[in-house]
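I opened a new notebook page for this one.

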Amino acid sequence: VQLQASGGGLVQAGGSLRLSCKASGTIFRLLGMGWYRQAPGNQREWVATIGSGGTTTYADSVRGRFTISRDDSRNTVYLQMNSLTPDDTAVYYCYAFIRRLYFWGQGTQVTVSS
């Protein structure tokens with residue numbers, strides 16, 4: 001499974017961005033999908049996950065502001081990010097998992113200016 005993330009950019013505080021992550025292959029509907037992020041000098045931080053059945057979970061730091069969703073017909077997972085703050089600045093990585101196998105995509109930079 002190969003993952004291609006996109007949608008990052010520069011946005012002002014209070015603004016919104018939508019990240020996308022497209023997966024290759026034919027098993028997308030069986031995959032759980034999610035996002036991590038890593039800010040400079042910080043450890044990687046889990047952001048959100050969506051299961052193959054659509055169940056979602058969020059980190060406390062983003063709950064209520066971010067929404068993860070998936071479109072199995074497009075092999076794509078989305079992360080809608082609203083009310084962004086400078087603390088959300090990071091490289092965002094999407095990942096996929098099935099059983100104990102994990103797959104990682106390249107990151108997309110999100111920068112939130114104050």
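Below are my entries, in the order I made them.

**Entry 1: what I'm looking at.** I noted before anything else that this is a predicted model. I then went through the secondary structure of the protein chain and found 10 strands and 0 helices. Read from the N terminus, the elements go β-β-β-β-β-β-β-β-β-β. I looked up the radius of gyration next: it is 13 Å, close to the 13 Å that the globule rule gives for 114 residues, so the chain is as compact as a globular protein of that length.

**Entry 2: overall numbers.** I took the box along the principal axes, and the C-alpha atoms fill roughly 40 × 25 × 20 Å. For burial, I got 43% of the 114 residues counting as buried. The accessible surface of the chain is about 6200 Å², with 47% of it belonging to carbon and sulfur atoms. I also checked how far apart in sequence the contacts reach. Among contacts with a separation of 6 or more, 53% come from residues 24 or more positions apart.

**Entry 3: the sheet.** In what order do the strands of the open sheet lie? I traced 6 strands, in the order E2-E10-E9-E4-E5-E6, and the pairing is mixed. At the edges I found strand E2 (9-12) and strand E6 (56-58), each of which pairs on one side only. From one strand to the next, the twist averages 25°.

**Entry 4: E4 and E5.** I zoomed in on strand E4, which covers residues 32-38 and holds arginine 37. Strand E5 spans residues 45-50; it runs antiparallel to E4, and 5 bridges join the two. I looked for the bridge partner of arginine 37 in E5, and it turned out to be glutamate 45.

**Entry 5: arginine 37.** Is arginine 37 buried or exposed? I read a relative accessible area of 6% for arginine 37; buried means under 20%, so this residue counts as buried. I then asked myself which side chain arginine 37 joins through a polar contact. That one is tyrosine 92, at 2.9 Å.

**Entry 6: who else is around.** I left aside the neighbours of arginine 37 within four places in sequence and listed its other contacts.

How values were computed
Residues are numbered from 1 along each chain as its sequence is written. This is a predicted model: local features need pLDDT of at least 70, side-chain atom pairs count only at pLDDT 80 or more; totals for chains, interfaces and linings use all residues. Side-chain values use heavy atoms; hydrogens and water are left out. Helices (H or I, at least four residues) and strands (E, at least two) are DSSP runs, numbered from the N terminus. Buried means under 20% relative accessible area, exposed over 50%, partly exposed in between (1.4 Å probe, protein chains only). A polar contact is a pair of N or O atoms within 3.5 Å; within protein, one must be able to donate a hydrogen and the other to accept it, and residues adjacent in sequence count only if both atoms are side-chain atoms. Contact means heavy atoms within 4.5 Å. Two strands pair if DSSP finds at least two bridges between them. Axes are lines fitted to C-alpha atoms, for helices over the stretch in contact, and angles run from 0 to 180 degrees between N-to-C directions. The radius of gyration is taken over C-alpha atoms; the globule rule is 2.2 Å times the number of residues to the power 0.38. Accessible areas come from the Shrake-Rupley method with a 1.4 Å probe; for residues, only the protein chains shown count as cover.
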